[in-house]
Amino acid sequence: MAIFNLGSVNIDHFYKLAHFPEPGETLSALDHTLGLGGKGMNQSVAAAKAGAEVFHIGAIGKSDGWVRERIESYGVNCKYLREVDEETGHAVIYVDAAGENTIVLAPGANVKQDSEFVVNAIDQAKPTDTLLLQNETNLQPPAATFALVKGMRVIYSAAPFSIEAVKNIIPDLSMLVMNAVEASQLSSEMGVSLEQIPVPQIMVTLGSKGAMWRSNETGEVIEVTSPKVTPVDTTAAGDTYIGYVAAGLDLGMPIKAAMEWATQAAALKVTRAGTADAIPSADEVKAFRGA
């Protein structure tokens, strides 16, 4: 089996700050680093480092060959990564002394996906494969529809959150993934409880508290807790979790085992600064779990 991911690719600019700036305040950064990121790419790297076969569908600027090389070095197949005239997407990420972050995105090439190219890429998948989606590219709804018709598992991260984006794609999802804030927003906007959202499975990430999964078909609920760690940088923790869950399911794990594995990976990730570059490998997670 394999994972196909229609996802964003960003060049991340990290600025370490003593605290987040107030309106009108100018701060000097304590440190600045450049890295690989984007919710989509973070999830692809996490799934690949977990041991899954991953094909990333996306777009980068023609002048950023190093981005492709970095992605491939993590084991992600870039066969379906186009190079376009638009600049590669980028993010400005502020990280404070407690490891919390604020992020500003410039989507660039991420919203210049080509519909024929995307459909042709997904058409190479098998019915037993998984399609990952997030809300940082265009063409998510048609991609989900096509994948579901093929019989694929379709997992969608509702982030960055948009109620309209979620409503447009819900009919074609196997699993909807949100954090606690997004879940509350969606329930409020739709006027329903989580169990009434018309999607077969829902997963809610709860940060340091772990995660919850619910089958809206059977009513089964699974909750897992996260190990206690001292956070350095919480950026990409959720993406690490989702990538590992997708990999676990792709490798044949039961949902609870995949969630437990993923919470360990996400907990280890937050002890490291960075995004895709800082996501741990399966061997590192194994060592962490046994520590």
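Modeller: Let us begin with a term: contact means heavy atoms within 4.5 Å. This is a predicted model, in which local features need pLDDT of at least 70 and side-chain atom pairs count only at pLDDT 80 or more, while totals for chains, interfaces and linings use all residues. Residues are numbered from 1 along each chain as its sequence is written, and side-chain values use heavy atoms, with hydrogens and water left out.

Biologist: Which residues is K269 in contact with, leaving aside its neighbours within four places in sequence?

Modeller: They are D233, T235, A236, A237, T240, G274, T275, A278, I279 and P280. Of these, I279 is 10 residues away from K269 in sequence, and the two are 5.5 Å apart in space, C-alpha to C-alpha.

Biologist: Where does K269 lie? Is K269 buried or exposed?

Modeller: K269 lies in helix α8, residues 255–269. Helices (H or I, at least four residues) and strands (E, at least two) are DSSP runs, numbered from the N terminus. K269 counts as buried because its relative accessibility is 0%. Buried means under 20% relative accessible area, exposed over 50% and partly exposed in between, with a 1.4 Å probe and protein chains only.

Biologist: What about L139, what is its phi?

Modeller: L139 has a positive phi of about 70 degrees, and it is not a glycine. L139 sits in the loop between β8 and α4, and is partly exposed, at 21% relative accessible area.

Biologist: Now the helices. At what angle do the axes of α3 and α4 cross?

Modeller: The axes of α3 (residues 115–122) and α4 (residues 140–150) cross at roughly 25 degrees and come within 10 Å. Therefore α3 is roughly parallel to α4. Axes are lines fitted to C-alpha atoms, for helices over the stretch in contact, and angles run from 0 to 180 degrees between N-to-C directions. Angles under 35 degrees count as roughly parallel, over 145 as roughly antiparallel, 65 to 115 as roughly perpendicular and the rest as oblique.

Biologist: Which residues make that contact?

Modeller: V118, V119 and I122 of α3 meet A143, F146, A147 and K150 of α4.

Biologist: And which residues of α3 are buried?

Modeller: V118, A121 and I122 are buried in α3. They lie on the same side of α3, because they cover an arc of only 95 degrees around the axis. The arc is that of the directions from the helix axis to the C-beta atoms. The buried residues of α3 pack against β1 (3–6), β4 (54–61), β8 (130–133) and α4.

Biologist: Let us turn to α6. Which of its residues are buried?

Modeller: In α6 (residues 180–190), the buried residues are E182, A183, L186 and S187. Their arc of only 130 degrees around the axis puts them on the same side of α6. V181, S188 and E189 are exposed on the other side of α6. The cover over the buried residues includes α5 (163–169), β10 (175–179) and β11 (201–205).

Biologist: One last topic: which peptide bond is cis?

Modeller: The bond from A159 to P160 is cis, with omega near -10 degrees. P160 is found in the loop between β9 (153–157) and α5.
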